[in-house]
Amino acid sequence: MVLKMTDWTESELSALRRAYASGTTRVSYDGKSVDYGSAEDLLARIRTIERAIAGTSRPLPVAGLAGFSRGDR
């Protein structure tokens, strides 16, 4: 199952951050409640949403090809 950024809301992300900051693993937002198994699970969800949002709001970095020369050949 692939989720798009539109599958997440700012209220969900805010609720996840508040829950993580307060040390709880139960999150309620938009009339929904979710219990995460651990703080690590909750943080992983936060990071997933943040990466998805960041990936859609800015271009990917350009990768370059490094080269070198020993100078004696």
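Select E12 to begin: this residue sits in helix α1 (helices are DSSP runs of H or I of at least four residues, strands are runs of E of at least two, both numbered from the N terminus). The model is predicted, so local features need pLDDT of at least 70 and side-chain atom pairs count only at pLDDT 80 or more, while totals for chains, interfaces and linings use all residues. Residues are numbered from 1 along each chain as its sequence is written, and side-chain values use heavy atoms, with hydrogens and water left out.

Is E12 buried or exposed? E12 counts as buried because its relative accessibility is 2% (buried means under 20% relative accessible area, exposed over 50%, and partly exposed in between, with a 1.4 Å probe and protein chains only). Show D7, Y29, R45 and I49 next: E12 touches these residues, not counting those up to four places away in sequence (contact means heavy atoms within 4.5 Å).

**Along α1**

Now select residues 10-22, which form α1. This helix has 13 residues and reaches 18 Å from its first C-alpha to its last, close to the 18 Å expected at 1.5 Å a residue (the expected span is 1.5 Å times one less than the number of residues). Colour E12, L13, A15, L16 and A19, the buried residues of α1. They lie on the same side of α1, because they cover an arc of only 160° around the axis (the arc is that of the directions from the helix axis to the C-beta atoms). On the other side of α1, pick out E10, R18, A21 and S22, which are exposed.

E10 has 53% relative accessibility and therefore counts as exposed. A distance drawn from the C-alpha atom of E10 to that of Y29 reads 9.9 Å, with the two 19 residues apart along the chain. Just after α1, stop at G23, where phi is positive, at about 85°.

**The core**

Select W8, L13, A15, L16, A19, V27, Y29, Y36, L42, I46 and I49 together: these 11 residues make up the largest nonpolar core (a set of buried Ala, Val, Leu, Ile, Met, Phe, Trp, Tyr and Cys residues joined through side-chain atoms within 4.5 Å). Two or more residues of this core come from each of α1, β1 (26-29) and α2 (39-57). Which element gives the largest share? That is α1, with four residues. Centre on A15: leaving aside neighbours within four places in sequence, A15 is in contact with V27, S28 and Y29.

**The whole chain**

Zoom out to the protein chain, which has two helices and two strands. From the N terminus on, the elements run α-β-β-α. Of the 73 residues, 18% count as buried.
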